[in-house]
Amino acid sequence: MITRREMTRVRRVCVAAWGGAAVSWELATPGPLVPSLATCAAFLLLATGCALHIRRGLLAELRRSQEIAGAAQRALLRPLPGRVDGVTLAAAQLSASRGAAVGGDLYEAVPTAHGIRVVIGDVRGHGLPALGAAAAVLGAFREAAYDEPSLGGVLRRMERALGRHVRDRARTEHPAVCAGEPESPAAEEFVTVLLLQIAPDDTLTALNCGHPWPYVIRPAPEPCGVRSGGSAPDPAPRSAPRSPAALAWLAGETLPPLGVVPLPPDPRPQVCGELRPGETLFLHTDGAEDARDAAGRFFPLRSVLAEAPLTPARLVAGVHAALLRHTGGRLADDVALLVLRNDRH
């Protein structure tokens with residue numbers, strides 16, 4: 001996608017080249033000086049008019065490209081509702097491809113009869129080339145999450161959708177473009193996926209296929225003083241710093257990513273505890289923890305989470321801003337962030 005800075009540079013180069021050629025031609029041609037200068041001015045005016053016309057065309061093309069990218073992003077990663085069954089949600093996605101609004105990361109949360117079902121995943125690679133696999137996996141989740149009684153059934157539907165996408169892409173990219181299976185598939189893709197289910201009783205179950213496990217953030221008690229009478233605590237002064245939140249790493253058995261090896265015949269989800277009222281679940285793709293600054297230092301995600309505000313929207317915005325500051329706005333991989341806070345009671 002062409003950026004505004006690139007358009008300005010192209011316009012300046014065109015005007016300078018045209019003007020330089022016109023002036024050189026006129027001054028090198030024998031004849032009176034005044035008519036030559038007048039001709040040079042006319043050439044420069046014509047070049048400026050052409051450059052402005054090109055600029056308007058490029059700006060219109062840029063706006064159309066941005067509209068198309070925005071529509072694709074809204075279709076793939078639909079805006080999540082602010083609240084689902086008593087759980088507050090917030091999410092964000094950053095693409096590593098220059099000028100792209102979407103990439104290979106995916107997330108979704110839907111309310112079902114079995115509880116809130118959540119997915120977050122990361123397609124191999126980043127940017128627009130990974131968009132097809134992300135759309136296939138995410139589309140399968142959105143259908144299976146309502147129909148399948150277990151997370152294992154949802155995961156198997158997602159695996160089949162990815163397999164169909166890979167086979168179709170292999171047929172398209174194979175030199176023979178044959179109807180059968182190509183001998184050397186051109187498309188080999190895999191997806192790391194984390195499936196979570198928050199039951200109505202706050203129980204957490206999960207199936208993890210090569211994806212980073214999320215963090216559970218427990219709010220720290222606010223500092224407070226005690227009145228001399230000892231009857232009730234005084235509120236803490238506004239200048240008192242907030243205590244760091246308590247972080248726990250949700251962990252369990254991890255399967256290989258989808259597309260690497262076939263899933264077990266009956267993948268069974270594991271119980272990972274509870275998401276108690278007031279606790280926050282922070283899900284992310286590996287692009288967050290693997291992000292580096294100019295000196296090669298990794299992004300300190302854990303320390304940022306400990307000091308970040310607990311409101312889901314502010315938490316996502318804070319991590320987003322800290323990532324851009326740490327990397328100087330140059331991400332090496334796509335990043336997806338998804339935050340869920342239990343506000344049921």
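Modeller: Helices (H or I, at least four residues) and strands (E, at least two) are DSSP runs, numbered from the N terminus. This is a predicted model, in which local features need pLDDT of at least 70 and side-chain atom pairs count only at pLDDT 80 or more, while totals for chains, interfaces and linings use all residues. Residues are numbered from 1 along each chain as its sequence is written, and side-chain values use heavy atoms, with hydrogens and water left out.

Biologist: Is Asp 202 buried or exposed?

Modeller: Buried means under 20% relative accessible area, exposed over 50%, and partly exposed in between (1.4 Å probe, protein chains only). Asp 202 counts as buried because its relative accessibility is 7%, whereas Asp 85, at 47%, counts as partly exposed.

Biologist: Which side chains make polar contacts with that of Glu 108?

Modeller: A polar contact is a pair of N or O atoms within 3.5 Å; within protein, one must be able to donate a hydrogen and the other to accept it, and residues adjacent in sequence count only if both atoms are side-chain atoms. Glu 108, in strand E3 (residues 105-112), is buried at 4% relative accessibility. Its side chain pairs with those of Arg 78 at 2.9 Å and Arg 142 at 2.7 Å.
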